[in-house]
Amino acid sequence: MSRFLDEKFSGLKEYVPGEQPRDKKYIKLNTNESPFPPSSSVLEAVNSEEVKNLRLYSDPSNKALKEKLAEIYKVGPDNIYVSNGSDDILNFAFMAFGDRGAAFPDITYGFYKVFAKLYGIDSQVIPLEEDFSIDEKKYFGLDKLIVIANPNAPTGLSLSLDKIEKIVSSNKDSVVLIDEAYVDFGGESCYGLIDKYDNLLVVRTFSKSRSLAGARLGFAIASKEIIKDLEKLKYSTNPYDINRLTQAAGVAALNQDDYYTANCKKIIENREFTANALKEMGFSVIDSDANFLFVKSDKISGLDFYLKLKEKGVLIRHFTDERICEYNRVTIGSREEMEIFLEKTAEILN
Ligand SMILES: *Cc1c(COP(=O)(O)O)cnc(C)c1O
């Protein structure tokens, strides 16, 4: 830390991204990336013509992306906000809507508490139930920014649409942000409710189901007024936040959306295959609607399992929070990757 940093930032606890080691080639099951490459349309769109165009600024209005997303999700282009990764929308939401405090679960995406701290927002951290589920009633009438990942991470459990609606409808005077980073793997999206509730902000990403984690592209679906608020912040900070190559890649990905739908189906199949195999080896496996499994075994500690797998060239995500330190989060990769993961797991347990 330099002696120049404002005091208000000195106590910040940054988000710690999953490790991306370069020492050897790992089977990477630790950051919920897709095992599948982007669609052929993306490879064609990000071509030398587009690279030459990098001398020009990107379109700050993201017109092409918004129109394509509007067509797919059957909403107006003005119900869509496009961002440099969905983390950026989370950032803006805490910045803009957190004045009266924010509420989110104790076990969830680790970035929420970082943003709350960054903006000096009072956090009401609501513990998950014993079985890691969310009791929706604990979010009724809180009158503050509510942030829920659905499906939740790292548990993979999801809330039904009617429970989400009850949370949204009981907090009419504050924004309810539903982070749907994993919804394409089996959850129920709530974006259909935006016509009915002007306080609902649905956040999505191209990073997981659309194989573009490295391109950094996220979007939000919400009432026109909320979208305008987000645009206001963007034009007050970084109008060209999405680069040309990512814009081209995003539109191209949406033009071949069937490819991604088919990939999600494969991930779901691999997830069920992996869950069953782990259960046969005595693991507890939380029901997952996401592209990962949250698992633990009585035969080995969470930390040991993670370390031993790493030695064998397989990376999974270990968490140190006391409540979940016996668990690990395992991203669902290709069938071959999951077979190797299971083989190494069996070796470790024997
Ligand atoms: C991965 C993830 C994000 C961030 O996605 P980006 O679009 O890559 O910034 C947001 N929320 C949750 C719950 C995630 O798991």
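**Reading rings, helices and backbone**

Modeller: Tyr-240 has a relative accessibility of 38% and therefore counts as partly exposed. This value, like the others below, comes from a predicted model.

Biologist: Let us begin with aromatic rings. How many aromatic pairs does the structure hold?

Modeller: A pair of aromatic rings is described by the distance of the centres and the angle of the planes. The structure has 21 aromatic pairs. In one of them, the ring centres of Tyr-15 and Phe-111 are 4.6 Å apart and the planes lie at 5°, so this pair is stacked. It joins distant parts of the chain, 96 residues apart: Tyr-15 belongs to the loop between helix H1 (7-10) and strand S1 (27-29), and Phe-111 to helix H6 (residues 111-118). Tyr-15, at 25% relative accessibility, counts as partly exposed, and Phe-111, at 15%, counts as buried.

The pair of Tyr-57 and Tyr-240 is also stacked, with 4.1 Å from centre to centre and 20° between the planes. Tyr-57 is in the loop between helix H3 (48-52) and helix H4 (63-73), while Tyr-240 is in the loop between helix H8 (224-235) and helix H9 (244-255), so the pair ties together parts 183 residues apart in sequence. Tyr-57 has a relative accessible area of 63% and is therefore exposed.

Biologist: Which residues do ring pairs link into a cluster?

Modeller: The cluster consists of Tyr-15, Phe-94, Phe-104, Tyr-109, Phe-111, Tyr-112 and Phe-115. Rings also meet charges here. Arg-210 lies over the face of Phe-206, 5.3 Å from the ring centre, and the charged end of Lys-266 sits over the ring of Phe-36, at 5.1 Å from its centre.

Biologist: Next, the helices. Which residues are buried in helix H11 (residues 302-311)?

Modeller: An α-helix has 3.6 residues a turn, so residues three or four places apart point the same way. In H11, the buried residues are Gly-302, Phe-305, Tyr-306 and Leu-309. Viewed down the axis of H11, they fall within an arc of 95°, so they line one face of the helix. Their cover includes strand S11 (314-318), strand S12 (328-331) and helix H12 (335-349). Just after H11, Gly-313 has a positive phi of about 85°.

Biologist: At roughly what angle do the axes of helix H10 (residues 257-280) and H12 cross?

Modeller: Two packed helices are described by the angle between their axes and the distance between the axes. The axes of H10 and H12 cross at roughly 10° and come within 10 Å. H10 and H12 are therefore roughly parallel to each other. On the H10 side, the contact involves Asn-270, Phe-273, Thr-274, Ala-277 and Leu-278; on the H12 side, it involves Arg-335, Met-338, Glu-339, Phe-341, Leu-342 and Thr-345.

Biologist: Finally, the backbone. Which residues does a cis peptide bond join, with omega about -5°?

Modeller: Most residues other than glycine have a negative phi, and most peptide bonds are trans. The bond with omega of about -5° joins Asn-150 and Pro-151. A cis bond also joins Ala-153 and Pro-154, with omega about 5°. Pro-151 is in the loop between strand S5 (145-149) and helix H7 (161-169), and Pro-154 lies in the loop between S5 and H7.

Biologist: Is Phe-132 buried or exposed?

Modeller: Phe-132 is buried, at a relative accessible area of 6%. Its phi is positive, near 75°, and it is found in the loop between strand S4 (123-126) and S5. Lys-74 also has a positive phi, near 55°. This lysine is exposed, with a relative accessible area of 72%.

Key: Residues numbered from 1 in each chain as written. Predicted model: local features only at pLDDT ≥ 70, side-chain atom pairs only at ≥ 80, totals over all residues. Heavy atoms only, no water. Phe/Tyr/Trp six-rings, centres within 6.5 Å; stacked < 30°, edge-to-face > 60°. Helix = DSSP H or I, 4+ residues; strand = E, 2+ residues; numbered from the N terminus. Buried < 20%, exposed > 50% of the residue type's maximum accessible area, 1.4 Å probe, protein only. Lys NZ or Arg CZ within 6 Å of the ring centre and 35° of its normal. Arc of directions from axis to C-beta. Contact = heavy atoms within 4.5 Å. Axes fitted to C-alpha atoms, helices over the stretch in contact; angles between N-to-C directions. Parallel < 35°, antiparallel > 145°, perpendicular 65-115°, else oblique.
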